[in-house]
Amino acid sequence: MQQKVFDTFEEALSDLSDGASILIAGFGGVGSPANLMRALQLSGAKDLTLIANGAGGAGLVEEGRVRKVIASFTASTRPSRRSPVEELQQQGRIIAELTPQGTLAERIRAGGAGIPAFFTPTAVGTELAEGKEHRVFNGRTYILEEAITADYAFIRCWRADTFGNLIFRRAQRNFNPIMATAARCTVVEVEEPIVAEGELDPDQIHTPGIFVQRLVYIPADGIRTVGRPPA
Amino acid sequence: MQTEKVKLTRDLMAARAAQEFQDGWIVNLGIGIPTLCSDFVPPGRRVIFHSENGVVGYGHNATGEEVDPYVVNASVQPVVLMPFASIVHHADSFGIVRSGRLDAAVLGAYQVSANGDFANWKLPGAIGGGIGGAMDIAASAKRVFLCMEHTLDGEPRLLRKCTLPITAPGVVKLVVTDIGVFEPTGEAFRMIEIAPGWTVEEIRAITEAPLIVGDDLKVLTV
């Protein structure tokens, strides 16, 4: 069986090529794969599709290396200032698909669960529902949303064993377990030293190792901060 | 004698909204003023605060040694976990929302209209937007309360009809502003509380939608 533990993030992403689609976990920096994002930045890969709660990260958008983003936030939180995504959108150089956060999460769960599409009540009656299939179930109107899968998922966890079984800590969990199921290649950065098979209690595993292809322990000189890096 | 006009601070708006929370309610708090509500739960009531990121059962904003960088609310501010807390992933977190388990949600807004529509994700001139979890929560919570400043740069925000793209149609039950508390009634807003020092006419002048005031109007106290 193929060894899943890699020594460096560069090696773990060595086959990531131009045009790749990547699910990026994390919420407000917590549970965000900052080391994998840095390695992606250094790899020079371009023409990327990024799926994340918030668009952007690691300067990739600013450098024009992102073809498409799917996110629940694409605008700047400061009304007076345009986000890098908005600037490129205006120039027609990026496709930005704005998706409600719960719809985004469910599209990813569906992608990982073999469900091609589902109906949700979210966004009915808003401009986001325009052009989407509407259907009434038990008197309530829903819209059709399609599943998301990707080439890669970038994951950050607290503990892992060499098989790729993962445990998350507190709100670090967020998008991580669902994104781990929806990619062809799930790559994980691990905060604690990776332990041998059998060291983690099977009842406590959040993400089974069958969903994980690659693991890297975050070295001492890696990004070990838990939350948002200081501004 | 003229009393000085009082404008509620962000904390006081949150505290007023929190007075609505009943014992045992599951409540989601949006980014901004709403996440302050978890600091102002009325004594004797247990409120289960739900956050988009899967924290179910958080408490007040954490300070000092209480801070755990892994435990944050929707505004990514550190909060404490209550003894009954649990953690779920993002899809399950929104499963809680979509299945109608939220008794209430407090959200921020740019505009609200008399028919209960509100707008909080796209500003004029914006190309993108910031929806976050607001559309999911607004569509499926049992009650949506808003906390917002009554005007922005002098422009009214309680309108006959929202001019910005809406977040959800017809869902708002209560609006707490810095100068009063209002209920959308369809054609108008009913003012149920007024901040100290203000007259009804002064508030009517900065409210674009029709304002209804009953004999039961109270002075807003927190």
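**Reading a helix residue and a chain interface**

Guide: Start at A:M37, which lies in helix 2 of chain A, residues 34-43. Helices are DSSP runs of H or I with at least four residues, strands are runs of E with at least two, and both are numbered from the N terminus. This is a predicted model: local features need pLDDT of at least 70, side-chain atom pairs count only at pLDDT 80 or more, and totals for chains, interfaces and linings use all residues. Residues are numbered from 1 along each chain as its sequence is written, with chains lettered from A and ligands numbered from 1 in the order in which they are written.

Visitor: Is A:M37 buried or exposed, and why?

Guide: Count C-beta atoms, placed from the backbone: 20 or more others within 10 Å means buried, 12 or fewer exposed, in between partly exposed. A:M37 is buried because it has 24 C-beta neighbours inside 10 Å.

Visitor: Which residues does A:M37 touch, beyond four places away in sequence?

Guide: Contact requires C-beta atoms, placed from the backbone, within 7 Å. A:M37 touches A:G57, A:A58 and A:F154.

Visitor: How many residues of chain A are in contact with chain B?

Guide: Interface size is often given as the accessible area lost when the parts come together. Here, take residue counts: 44 of chain A are in contact with 35 of chain B. Helix 4 of chain A gives the most to chain A's side, with 6 residues. That side divides into 18 nonpolar, 18 polar and 8 charged residues. Nonpolar means Ala, Val, Leu, Ile, Met, Phe, Trp, Tyr, Cys and Pro; charged means Asp, Glu, Lys and Arg; the others, Gly among them, are polar.

Visitor: What does the model score?

Guide: ipTM is 0.96 and pTM 0.97.

How values were computed. Two residues are in contact if their C-beta atoms, placed from the backbone, lie within 7 Å.
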